[in-house]
Every structure is written in structure tokens, then in C-alpha cells.
Amino acid sequence: MEFKHKERLFGTDGIRGIANKYPMTSEMGLRLGKVLTYILRQSKKAAKAPKIVIGKDTRLSGYLFEQALSSGIASMGGNISFVGVLPTPAIAFITSSTRADAGIVISASHNSYEDNGIKIFDRFGFKLPDKKELAIEKLLQNGDSDEAFKTSSKVIGKAFRIEDAQGRYIVFAKNAFPRHLTLDGIKIVLDCANGAAYRVAPTILQELGAEVITIGVEPDGTNINANCGSLNPELLSNKVVETGADLGIALDGDGDRVVFSDEKGEIVDGDKIIAICADEMIRNQALKQNTLVTTLMSNMALERFICDRGGVFVRTQVGDRYVVEEMRTRKCNLGGEKSGHIIFLDHTTTGDGMLASLQVLAIMRLKETTLSELSKIIDLYPQVLINVKVREKRDFVKIPGFNELINKNERRLNEKGRINIRYSGTEPILRVMVEGEDELLIEGITHEIVGLLRKEVGSS
């Protein structure tokens with residue numbers, strides 16, 4: 001059992017919270033814009049007037065933070081490039097391709113519309129590491145009276161809009177699909193979660209030749225992720241069966257994760273998709289370092305699958321940026337999470353739901369087979385995951401009886417399973433996951449652990 005716990009303004013995916021409540025306030029957005037621009041102006045690699053790309057998903061509060069951030073940036077002499085509503089990976093791509101100094105995504109990913117978040121990409125399109133986020137956090141917590149943030153009327157930035165940002169990303173995504181293949185004759189149900197990909201994702205698939213039936217492409221500012229998208233794939237699987245589609249693709253609110261439905265309506269999660277892609281890359285000797293990087297949440301069956309093929313299997317803490325950091329350190333090109341963040345570093349710098357979908361579609365085309373046949377590649381071990389809302393994020397080792405309970409249940413699993421307990425980095429939630437060969441055993445263990453933790457740290 002492993003545990004990572006940090007009380008920080010930045011979580012596993014930037015700053016996140018309820019819009020108009022600390023830390024997600026307009027004041028914080030203004031301050032963050034100032035701090036980021038100040039840091040960039042101190043960097044020798046950035047221009048005297050740093051250029052920062054700002055994009056967002058479809059949440060109503062996106063307007064609030066877009067204006068607050070841009071005001072802070074301009075007040076410090078930075079220039080802003082607005083791209084509007086675009087998936088997170090598209091904003092990372094635009095940041096890198098336009099040679100901007102940084103990119104900002106306004107999104108709370110898979111959360112409901114009341115929440116929003118801010119995450120930052122560096123000039124190469126990679127999420128910031130902990131060290132740089134801590135440096136930003138330190139400055140954010142200082143007062144506005146800092147001499148560093150006093151500027152003159154001569155130091156004011158400008159704002160521009162990249163009108164063809166959507167088209168640039170569409171071309172980029174299509175280039176990740178083999179040029180000698182098309183999607184002619186394939187019927188796809190596509191659920192965009194009423195989120196950031198609602199315009200670009202259908203266009204990408206249609207321009208490659210697919211017949212696309214859409215769900216979740218009517219955002220109204222409050223319906224993002226509402227009973228749709230990758231966290232609610234039942235709607236997708238039912239629509240696939242109803243329409244006789246070849247498969248279904250469900251993205252989340254910011255378009256960086258994906259889950260699938262096969263033609264029979266069975267959900268295919270990130271671990272199976274990673275296995276399908278890794279197997280193809282191993283066969284073609286394209287898996288760099290013969291290594292796959294995933295997180296603590298990935299199924300043991302995936303680990304055994306990779307190791308049985310002579311590969312190296314590496315786990316990181318939860319969060320796709322930690323996966324990417326490990327991939328870059330090891331010079332790998334494939335990694336991801338069970339949740340559907342899948343990273344192909346040969347093509348992009350972060351999780352990209354559409355790019356992952358195109359890789360799977362290419363494999364289906366090349367092998368002339370169905371997704372249900374491909375997904376037979378591994379049989380996942382039973383896994384029970386329960387989320388517990390918490391009133392406080394107390395260190396587990398300080399909870400009476402916790403260590404004894406974990407030790408007892410690890411002995412019961414007898415190395416044929418795993419226990420993973422962690423606090424969410426983006427929500428006041430505790431996640432208890434138990435995995436193993438015996439489904440009844442892991443269910444019992446999970447509920448026993450959850451019972452103790454609800455009593456000690458659970459919210460009423």
C-alpha cells in the first residue's frame with residue numbers, strides 16, 4: 001500500500017475548486033496571471049513580452065477566469081493569445097507550435113460545471129513539474145504589495161485571438177492517423193461530454209471518412225459531464241447497440257481522456273486500450289526502451305501482460321503529468337492511466353482522447369477486426385473502487401487501527417492482489433481500491449477499510 005499526501009494549492013492537475021470560492025476566484029486568476037508573467041519575464045528563455053496562450057472548456061465560469069487571467073498577464077506586460085474552447089491537448093499543441101512561452105487551460109476536466117480549474121503548460125507543451133508549481137504557489141501566497149508586481153503604464157501587454165486554432169488542431173490530429181488508411185465504412189458513436197471537444201472531435205472523424213453519431217455536443221455552460229462522457233459511458237454503450245455502430249468513443253469535459261464501447265456495448269477502459277496499443281508497438285518494435293509507464297491504479301493484469309512479453313512495466317503516482325515526467329526521464333513513448341489518459345509521446349505531450357482513439361481505430365483497420373476482438377487481449381482482475389467524501393485529509397498512519405487493518409488484509413491477499421488508498425488531488429475525496437483474483441474477498445476487504453475511514457475522516 002502506498003500513499004502520497006500534500007496540502008497544496010496545486011493538486012495533481014493544477015488548481016481546482018468551486019467557481020467563485022477560494023481558490024477558484026477572479027482575484028486568484030488575476031494574481032496567477034501576474035505571477036506567471038513575472039516568472040516568465042525573469043527567464044532568459046522567454047521574450048521581454050512573454051506570450052501566453054489561454055484556452056478553456058465549455059463551463060460558464062470560463063469567461064470569468066479567461067478575463068481575470070488575461071488582465072493579470074497584460075498588467076505585467078505579457079501578450080495573450082486566446083484560442084477559445086479547445087481540448088486540453090489542443091491547447092498544449094498550440095502553445096508549442098506557436099512558440100508561446102506558456103499555455104493556460106481553464107478547465108476542471110471531468111468534474112461538474114460548478115467546479116473549474118487552471119492548469120499550466122510550459123513552452124514545449126508539457127505540464128509544469130511540482131518544483132515549478134511550488135515556485136508559483138509561493139509567489140501567489142505573497143501580498144499584492146510586492147515590489148515585483150508594481151509596473152508602469154508603459155508596461156502593458158496586448159491580446160490577440162488565434163482564429164484558426166480549431167483547424168490547426170484538427171490537421172495535427174489527423175496527421176497522427178496513418179495516411180494510407182481511412183475510416184470509410186465505420187460507424188462511430190461519439191460522446192463529447194458537452195465539453196471542449198464538441199466541435200473538433202466530430203470533424204476529425206468525419207474528415208477521415210467515418211459516419212459519426214454524436215452525443216454531448218450541445219453545451220450550455222452547465223451540462224458539461226452531466227450524465228455523459230467518459231465517466232458516464234452507459235449512454236454511449238446503449239447508443240452503440242441501438243444504432244448498430246462499430247464502436248463508441250467517450251471523451252471527458254476537457255478531451256484529454258477517453259473510454260470506449262465495443263460493438264456489443266461492452267465498456268473498454270484505459271488499461272485495455274493501453275494493452276492493445278502496447279502489443280502493437282511491441283510487435284512493430286516501436287515501443288521505446290520496451291517500457292510502458294502507468295500509475296498505481298492500473299490493473300495487475302496489464303502489468304503481467306507487459307512483463308510476459310519481455311517488457312518493462314513502471315508505475316507512478318496517480319496523475320498523467322507524473323506519467324509523462326517518468327516517460328521523459330526513461331525516454332519512453334507510451335504511457336497512460338486506467339481512467340483513459342493515454343500519452344503517445346511520439347505525437348503529443350499530454351493525454352489526448354482523440355489521438356488515442358485514432359491509434360485504436362488504425363489498429364482495427366490494419367487488423368481488419370472489431371474492438372471486441374481486440375479487447376480480449378487481457379482479462380482484467382476484479383477491482384473494487386469506492387470513493388469516500390472526507391471532511392479532512394488526515395495522514396493515514398495517524399488513524400488508530402489503520403496499519404493493523406492494512407497489514408491483516410495484505411496477508412489475506414497473499415500477493416495475489418493489491419490495496420491502494422489515496423486522497424484525490426483535485427477533490428475532497430478518498431479513493432479506496434482493492435484488486436485481486438478473488439472477487440468476494442476483495443469486496444469484503446474494501447468495505448472493511450472504507451468502514452474505518454468513513455468513521456475517522458468521512459464527511460457527514
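**Exercise 1.** Is F402 buried or exposed in this predicted model?

*Solution.* Start with the cut-off: buried means under 20% relative accessible area. F402 comes out at 0%, so F402 is buried.

**Exercise 2.** Work out how the rings of F396, F402 and Y423 are arranged.

*Solution.* Take F396 and F402 to begin with: their ring centres are 5.2 Å apart, with 25° between the planes. Planes under 30 degrees apart count as stacked, so this pair is stacked. Now turn to F396 and Y423: the centres lie 4.9 Å apart and the planes sit at 20°, so this pair is stacked too. Next, place the residues: F396 is in the loop between β16 and α13, while Y423 is in strand β17, 27 residues apart. Finally, check burial: F396 and Y423 are both buried, with F396 at a relative accessible area of 1%.

**Exercise 3.** Find which side of helix α7 is buried, and what covers it.

*Solution.* Look along α7 (residues 234–243) and pick out L236, S237 and V240, which are buried. They span an arc of only 95° around the axis, so they are on the same side of α7. On the face turned away, you'll find the exposed residues N238 and E242. The cover over the buried residues includes β7, β8, β9, β10 and β11.

**Exercise 4.** Describe the sheet that these strands form.

*Solution.* Read off the order: β8-β7-β9-β10-β11, an open sheet with mixed pairing. The edge strands are β8 and β11, each pairing on one side only. Inside the sheet, β7 and β9 run parallel, joined by four bridges; V189 has G248 in β9 as its bridge partner.

Note on methods
Residues are numbered from 1 along each chain as its sequence is written. This is a predicted model: local features need pLDDT of at least 70, side-chain atom pairs count only at pLDDT 80 or more; totals for chains, interfaces and linings use all residues. Side-chain values use heavy atoms; hydrogens and water are left out. Two strands pair if DSSP finds at least two bridges between them. Helices (H or I, at least four residues) and strands (E, at least two) are DSSP runs, numbered from the N terminus. Buried means under 20% relative accessible area, exposed over 50%, partly exposed in between (1.4 Å probe, protein chains only). The arc is that of the directions from the helix axis to the C-beta atoms. Contact means heavy atoms within 4.5 Å. Rings of Phe, Tyr and Trp (its six-membered ring) pair if their centres lie within 6.5 Å; planes under 30 degrees apart count as stacked, over 60 as edge-to-face and the rest as tilted.
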